Amino acid sequence: MRELEYAFPSAGACISRLHMRSKGLAGICRHIPILPNSGIETARVCTSGRSLRMEINPEFWGRLSEHDRTFILAHEAFHIALGHLGRGRGYPQQMMNVAADAITNDWLIHRLALDLSPQLLEQVITMETVGLENGSALSMEHVMSQMKFETCVQMLSMSTWASEHAFIGEGLADEQIRGVVRRLTPAEIQDIGWSPYAVEVRKDELQHVSMHAAAEIMRLLAAGRHGRRNCQQHTWIREPRRMSDGLLIPDADEVKNASGCHVRFYLDSSGSMNGFEDMLLGCTEELKRNDISVSKFWFDTRVHPCENRFMSGGGGTDFRCIASHAASSPRFDMAVVITDGYAPRAEVQNASKWLWLITENGSHHAVGHMRWKPISWAFRKRKASN
Ligand SMILES: [Zn+2]
């Protein structure tokens with residue numbers, strides 16, 4: 001940050017100000033290099049080798065007010081979030097610049113309500129200046145198809161910074177942008193939920209979390225089949241194999257020993273279970289892919305089968321219903337209960353076959369005498385890589 005401040009005084013303060021309006025755009029600014037370039041008139045995003053960067057002319061920066069500087073940073077980060085850089089194959093570069101800027105500025109001014117000075121407003125391209133309606137939320141390609149060539153030429157003669165972006169062709173910047181978005185916090189990713197990269201990263205994270213949970217369950221199943229009581233010992237004495245990003249994958253032995261097993265899930269339907277459904281579904285799919293059969297139930301004071309998705313009920317929680325449900329059809333290798341634990345003490349037959357996963361802010365008092373783990377043990381998020 002010190003280097004950044006050296007080239008661009010108050011950049012840190014501007015990013016903090018931007019954070020108040022958009023955590024995601026501020027996050028992008030924090031995760032890509034911002035470099036001085038006197039060879040351009042204003043500012044741009046571009047790629048250099050395999051990395052993405054923002055370049056700003058220091059003199060241009062020096063002339064701007066703090067609000068305008070914040071606007072410029074947001075503008076460049078927005079291009080990244082929407083992947084403007086690598087889109088629009090087959091269109092003339094300058095048209096893409098005009099269309100991308102119209103969309104970007106429209107969003108920043110009308111949706112994000114960022115302040116900018118009348119002087120800067122006069123220079124920037126908006127939807128209105130290309131003859132389209134403000135706030136129309138169109139794609140860059142759509143705007144290009146609607147724009148008249150003469151309008152475009154006129155825009156370019158008016159605005160110095162419409163011609164700055166270096167478009168590099170379809171897909172070429174994708175990997176770099178994905179890398180930047182992956183480093184954002186969940187709140188930052190949520191904030192730029194409109195970005196296709198944010199959607200992708202969330203899906204990717206969901207898959208990671210689901211695979212991790214399935215792998216942990218398979219390891220316990222395999223250890224259980226070996227008749228080892230203390231399965232933690234079994235799994236932790238040797239170095240587990242690691243896939244990228246800290247994902248532990250089970251050994252071939254473990255997968256083989258777990259195949260053919262039957263796992264039953266009981267999801268406590270009280271309100272705090274919200275948000276686990278997709279991860280659980282991902283986990284059950286992953287188990288099925290590994291030849292493990294799965295049945296899914298949700299419960300409150302009674303047990304209900306899940307047709308497809310897990311359902312959400314409400315009301316009280318009573319573990320006696322799952323205990324008697326399991327006892328009445330005991331052909332399973334593991335029963336996994338996801339609960340906040342707020343219910344009277346649980347008693348089940350064959351407690352060694354049960355795994356209790358306690359959700360965040362839950363309590364293990366009711367199940368502490370059995371095998372229980374915090375839910376993050378199974379559904380573990382990837383550590384942000386750097
Ligand atoms: Zn731009």
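This is a predicted model: local features need pLDDT of at least 70, side-chain atom pairs count only at pLDDT 80 or more; totals for chains, interfaces and linings use all residues.
**Group meeting: strands, helices and a few loops**

In strand 10, I338 has L357 as its bridge partner.

Strand 9 covers residues 334-339, and six of its six residues are buried. Which residues point which way? M334, V336 and I338 point to one side of strand 9, while A335, V337 and T339 point to the other side. All of these are buried. As a general point, side chains in a regular strand alternate between the two faces of the sheet.

Now the neighbours. How does strand 9 pair with strand 10? The two are parallel, with five bridges between them, and strand 10 is residues 354-358. Strand 6, residues 262-268, also runs parallel to strand 9 and is joined to it by five bridges. On that side, Y266 is opposite V337 of strand 9.

R331 lies in it, between helix 16 (319-328) and strand 9. Is R331 buried or exposed? Its relative accessibility is 76%, so R331 counts as exposed, the cut-off being over 50%. The C-alpha atoms of R331 and R264 are separated by 9.7 Å, and the two residues are 67 residues apart along the chain.

Next, helix pairs. Helix 2 (residues 11-21) packs against helix 3 (residues 23-31) at an angle of about 150°, and their axes are 6 Å apart. Angles over 145 degrees count as roughly antiparallel, so that is the label for helix 2 and helix 3. From helix 2, the contact uses I15, S16, L18, H19 and R21; from helix 3, it uses K23, L25, A26, C29 and R30. Sorted by type, the residues of this contact are five nonpolar, two polar and three charged.

The second pair is helix 6 (residues 93-111) and helix 9 (residues 149-158). Their axes come within 10 Å and cross at roughly 80°. Helix 6 and helix 9 are therefore roughly perpendicular. Q94, M95 and V98 of helix 6 meet C152, M155 and L156 of helix 9. That contact of helix 6 with helix 9 has five nonpolar residues, one polar and no charged.

D291 is not a glycine, yet it has a positive phi of about 65°. D291 is in the loop between helix 15 (277-289) and strand 7 (293-299). N361 is not a glycine either, and its phi is also positive, at about 65°. N361 is in the loop between strand 10 and strand 11 (372-374), and it is exposed, with a relative accessible area of 69%.

Last, the cysteines. How many disulfides are there? With a cut-off of 2.5 Å between cysteine sulfur atoms, the count is zero. As for burial, C261 is buried, at a relative accessible area of 1%, and C306 counts as buried at 10% relative accessibility.

That is the end of my part.

Methods. Residues are numbered from 1 along each chain as its sequence is written. Side-chain values use heavy atoms; hydrogens and water are left out. Buried means under 20% relative accessible area, exposed over 50%, partly exposed in between (1.4 Å probe, protein chains only). Axes are lines fitted to C-alpha atoms, for helices over the stretch in contact, and angles run from 0 to 180 degrees between N-to-C directions. Helices (H or I, at least four residues) and strands (E, at least two) are DSSP runs, numbered from the N terminus. Angles under 35 degrees count as roughly parallel, over 145 as roughly antiparallel, 65 to 115 as roughly perpendicular and the rest as oblique. Contact means heavy atoms within 4.5 Å. Ala, Val, Leu, Ile, Met, Phe, Trp, Tyr, Cys and Pro count as nonpolar, Asp, Glu, Lys and Arg as charged, and the others, Gly among them, as polar. Two strands pair if DSSP finds at least two bridges between them.
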